Amino acid sequence: MRVAVFLALTIAGALGATVASALGADPAILSGALVVAFFGLAGAAGSAAIALHAPDNLEEPRHARGPSITSPVPNEALSRGTFGRMWLAALGAFAVLGFVPLISLARKPGRRAATGWRAGVRLVDAQNQPIARDRLANGGIETVFPQDGVELPDAPAVLIRVEPDLLRGNAAPDGYVAYSKICTHAGCPVALYRHRSHELYCPCHQSRFDVLDGAKNLSGPAPRPLPKLALALDADGYLVASGDFDAPVGPDDWDRRP
Amino acid sequence: MIVRRVVGWLDERLGTNAGARYLLAKIYPDHWAFYLGEFALYFFLTLVATGIWLTFAFDPAPANAYGSALELANRAHPIGYVIRQVHHWAAICFVAAIVVHLGRIFFTGAFRKPRELNWMIGMTMLALASFTGFTGYSLPNDSLSGTGLRIADSVALSIPFVGRWAASVLNGDDAFPGALLISHLYVLHVYYLPVTIGALLALHLGLVIYQKHTQFARAPRVVVGRRFWPDYALRTLAVFGATLAVLALLATFVEINPIESYGPYKPWIVTNGAVPDWYTAFLEGALRLGPPTEITLFGHPIPPVFWPGLVLPTVTFLFLLVWPFVEQRLTRDTAWHDVLDAPTQLPLRVGVGAALIFDGVLLTLAAADDQTSAALHLRLETLVWVYRVLLIVGPLVAGFLAAHIAAEMRARIHESAVYPSDATTIVRNAQGGFDEEEPQPA
């Protein structure tokens, strides 16, 4: 009887879900009907199992333990002495050969460093609009790219404007500084700026960098400062780069010296 | 009637009835903890069923991935919405069920001879399931998972000697995000990884049937339990229904991975307080606790992400993979075991398990250390140092404590087995009747 009630729930739930999806109802109604259907199935099977009152102490013999016969190979001629070792060596030779296609999978081995920054290249925002010298107030921050290079993977930089007197040993036009936005730890965007303490903060692994002092590491797992982009102003009053970043962008690897 | 005719038709040609009868009459030991692996099985079947549907609804071309995933996240299309929600929840529950199931196998010593091979297959499936989950939630190319891929790219790049090769194979390109990155993840996610898991799963279950299930009943020469048909079949059907009901419940009430609020991946955009799916969180925690030291070897740098991002999970995996043999060495126990241990039987094993669980939980918590430090009004650097100290000291303390408790509990069980507390002595009295004598204290 209980089984019949649960099965009725299953049928109602399954048909209900069909109707709900046919009518384009809210997904919660569709999945709610599925809950009823599957709960009914579980309840029906569970109560049927309980109603069986089946014994749980039936016995079945286990297999004999331990080894069966010494060797399954009927003829040992192939695996004997030098002959056997040569077969193994041949197999090993194929394994070595296997590295060839494996290595060739790297269609473009190496690592491209495509920042797009050169002396005289204008800084632009994500809409490719140039950055005028009055773009930011003190404490302001903007993500910038080289002109026409918004999609370049190593290009993004953070432009920050600070009180020029606070900067340590850096000639910065109007207090503007720019650093690579790609963290030297694991490549995350260093997206947060705490303007009171003048530090950049990576939301992925919490590395902190001192904006006033060349983005030197304050704490966190990043091994190097963020690469710095030296800035200048062009004749029209727009910010331009005066060269590429002063260090390679992003995390290091075996083939790239820091 | 139809079933009978089909069965008869098959038997006449293939002689299947004898084998089918053997399988249906087979006896399985019954205990609630033996159902944990079945939950994992049913989550996997759900993943395959919903996943097949999703392959027809999702466009893995890099330019279209986010857009077609957005359509599946749109509540105006209830079928796609529910299937994607169930699929993602099933992935989360699948890995969780495997971990709990492996915990049961570990603490009851079910991995001992002759079942070391099946333990290794199970551990391999755990690693593959986590990797499949990661490749899956990275497919929509949204801001959250794209940042995760960038971290994965950095970890691949950090490998000594072959880092650039590994990263370039992953990306199909010499930069991140490579033009082929999503299509590589896609073919891994919908083909190589699930097919491998499916094959290992068949082998895993085949070995359980062939070697017969372990049991708590101390009867080493026989399996004690229930018949598959109809007792056990009904029970496992109930587990199947319950699995799907829970997934549908989660899909109804808790929205998972709302990619529409994350936005598409851009290398310069990231959200604060982002965490990955739970089974990769321990790696994220390890990356946060790792030191910033960059070692230089023969003039080549080894970036700091190499140790927490790759060495830690590899060493942990290999340690667990060979644990049956390590334990065999340490205990000199090479005997055949069809009867399970009580979880307190071997204090050494309990201690090792507790230490591993402590560090696993700690690293997972460390993946949210920024939120924790904000909630506790604690400096983040202080919290990181607390976690670093706990990472080393914690497992030692937890391990020794757990081993000690296990030893004590074992001694108590042993005592009560020698002097059962409910044992009474019946004495015949002078009137010819029977009296109960109070049990003597041990």
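Guide: We can begin with chain A, where the centres of domain 1 and domain 2, taken over C-alpha atoms, are separated by 57 Å; the domain bounds come from an automatic or database domain assignment. This is a predicted model, in which local features need pLDDT of at least 70, side-chain atom pairs count only at pLDDT 80 or more, and totals for chains, interfaces and linings use all residues. Residues are numbered from 1 along each chain as its sequence is written, while chains are lettered from A and ligands numbered from 1 in the order in which they are written.

Visitor: Which residues belong to the two domains of chain A?
Guide: The assignment gives 2-51 for domain 1 of chain A and 123-241 for domain 2 of chain A.

Visitor: And what box do the C-alpha atoms of chain A fill?
Guide: Along the principal axes, that box is roughly 90 × 75 × 35 Å.

Visitor: How much of chain A is buried?
Guide: Of its 258 residues, 36% count as buried, meaning that 20 or more other C-beta atoms, placed from the backbone, lie within 10 Å of the residue's own.

Visitor: Switching to chain B, where are its domains?
Guide: In chain B, domain 1 covers 1-27 and domain 2 covers 31-269, and 33 Å separate their centres, taken over C-alpha atoms.

Visitor: How many residues of those two domains are in contact?
Guide: Five residues of domain 1 of chain B are in contact with six residues of domain 2 of chain B, where contact requires C-beta atoms, placed from the backbone, to lie within 7 Å.

Notes: A residue is buried if 20 or more other C-beta atoms lie within 10 Å of its own, exposed if 12 or fewer, and partly exposed in between; C-beta atoms are placed from the backbone.
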